[in-house]
Amino acid sequence: LQRLFGPITQLSGLQETAQTVVVSFSRIFELLDLKPLIRESPDAVGLAKNVAPDIEFDDVSFRYPTADEVSLASLEHLRSKRESGEVTADVLRGTSFHVRAGTLTALVGPSGAGKSTITHLVSRLYDPNSGSVRVGGHDLRDLTFDSLREAVGVVSQDAYLFHDTIRENLLYARPTATEEELVEACRGAQIWDLIDSLPRGLDTVTGDRGYRMSGGEKQRLAIARLLLKEPTVVVLDEATAHLDSESEAAVQRALKTALRSRTSLVIAHRLSTIREADQILVIDGGGVRERGTHDELLAKGGLYAELYHTQFSDPASNAAKPEIEVEF
Ligand code: ATP
């Protein structure tokens, strides 16, 4: 029976592989139909290395491309929009702000206000329809893809892990990293103790079919990647997923290391991040509605104060809720 089942199991595995290949091919053809909207200028220059640059949005207006202008990144989103009969409208209208080099800016605001869109423009997933996004004084359209990719590190809510060893998942961020550098990055990201406790350590296979990392562990591995990559600009979408308080504290400590002396733009959901930010931008109605520090904005009594009081304060006692409960 064993002899019979072996080949059958192998065959069903083969079928799965064949299906994946067919799906991949149709996806490639689908992609071949697309026009790249983002191009590298023939005169593109490199961004200065190892120096945290400033970021400037100068009168930026942006709407997501329509189906016939489609870019790769918006394909899925557009498909669902088309199915629901929606069309794209201006997300940003004449938005201007400045993030000083080496400082942390927190983006807050209602859902759908355009916070992620701002971060997409910083990583040049799209170009603005008018106005200019400048990093280190250069319009992004004048920079080489390589130098921008090297400078900007992105940590999104759900870090993608390849079905491979933890080591390979880390080396992807810096292929030349030594064993010591990997361990150091994992320590900084508060994930080393966990990896070290696994029987195969860094050689543990992770992903859907391997060791399944929890949400907090994945985030910390993403932070370890960030520490290895050493970008000068960090774009972070702080997770809203509710972590247990131990993971939460570990992620917070890891982030503190990761953001130190880099220029950071954080879609912030945690009060601790918002309080520590050098500047808070309240995004609403297609642009920056308010800007300032936590104390300044609270004193102003505008939208930020309103969001803060609904999200963070207990109306009965007016005391702040525990931080892990909050979502901004
Ligand atoms: P949230 O806090 O809910 O994540 P957000 O402030 O980050 O919201 P965005 O994700 O930037 O808001 O979305 C702003 C607007 O742009 C929304 O109306 C959204 O539906 C639309 N949008 C976002 N991504 C795309 C896309 N890839 N293609 C087309 N429209 C998009």
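1. The loop between helix 1 (2-32) and strand 1 (55-63) contains N50; helices here are DSSP runs of H or I with at least four residues, and strands are runs of E with at least two, numbered from the N terminus. Phi of N50 is near 60°, a positive value in a residue that is not glycine. N50 is exposed, with 7 other C-beta atoms within 10 Å (buried means 20 or more other C-beta atoms within 10 Å of the residue's own, exposed 12 or fewer, and partly exposed in between, with C-beta atoms placed from the backbone).

2. The model is predicted; local features need pLDDT of at least 70 and side-chain atom pairs count only at pLDDT 80 or more, whereas totals for chains, interfaces and linings use all residues. Residues are numbered from 1 along each chain as its sequence is written.

3. E230 lies in the loop between helix 8 and strand 7 (233-237). This residue, although not a glycine, has a positive phi of about 50°. E230 counts as partly exposed, with 15 C-beta neighbours inside 10 Å.

4. Helix 8 (residues 215-229) packs with helix 9 (residues 245-259) at an angle of about 10°, and their axes are 10 Å apart. Helix 8 is therefore roughly parallel to helix 9 (angles under 35 degrees count as roughly parallel, over 145 as roughly antiparallel, 65 to 115 as roughly perpendicular and the rest as oblique). Axes are lines fitted to C-alpha atoms, for helices over the stretch in contact, and angles run from 0 to 180 degrees between N-to-C directions.
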